[in-house]
Amino acid sequence: MRFTRLLASAWATLLAACGTPPSAPVQPANVAGTTARPTGVARTWDEYKLRAARRIHAANAAETFSGPLPDPLQSIPVLQVKLNRDGSIKDIVTLRVPRQSPETLELARRAIRRAAPFEPVAHLPQPWQFNETFLYNEQLKFQLRTLAEAP
């Protein structure tokens, strides 16, 4: 028991000594595409993914829709974006090919490329990549799952 307390105390001291920089406030998604630019670097991959989704949305405002998701969705391509340390795109890998409206796969790829380059990732743990799910309606306009699920 004493060893456990000692270990917990040592661990807490070690974590306190690491001194992480203060977090920049996360801005809420702006469906009009005029998102304020966040300050500082993303400290986690979750924060980075949210910022990347906002960037993709803003760069493709004419191809997006807002409001409730239709049931059923027209198409749901899922892509993995692999990045270089400076935030440029290294590769875009298809994780899910939609059965219906397969042309949305290329539309999603172009949307990602329009938003590039993303913020640098050298400070985040490898692999430097994130996944994004595009939710297309019948008019082939999309919402990003990351933003649809954001608080």
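## Terms and model

Contact here means that heavy atoms lie within 4.5 Å. The model is a predicted one, in which local features need pLDDT of at least 70 and side-chain atom pairs count only at pLDDT 80 or more, while totals for chains, interfaces and linings use all residues. Residues are numbered from 1 along each chain as its sequence is written, and side-chain values use heavy atoms, with hydrogens and water left out.

## Around A116

Leaving aside neighbours within four places in sequence, A116 is in contact with R55 and I89. A116 is placed in the loop between α3 (103-115) and β3 (129-136), where helices (H or I, at least four residues) and strands (E, at least two) are DSSP runs, numbered from the N terminus. Although A116 and S88 are 28 residues apart in sequence, their C-alpha atoms are 6.3 Å apart in space.

A116 has a relative accessible area of 26% and therefore counts as partly exposed, a class that falls between buried (under 20% relative accessible area) and exposed (over 50%), as found with a 1.4 Å probe and protein chains only.

## Cis peptide bonds

D71 and P72 are joined by a cis peptide bond with omega of about 5 degrees, and P72 sits in the loop between α2 (45-59) and β1 (78-83). A cis peptide bond, with omega of about 5 degrees, also joins Q126 and P127, and P127 belongs to the loop between α3 and β3.

## Positive phi angles

S101, which is not a glycine, has a positive phi of about 55 degrees; S101 is found in the loop between β2 (89-96) and α3, and is buried because its relative accessible area is 12%. L140, also not a glycine, has a positive phi of about 60 degrees and lies in the loop between β3 and β4 (142-144), where L140 is partly exposed at 25% relative accessibility.
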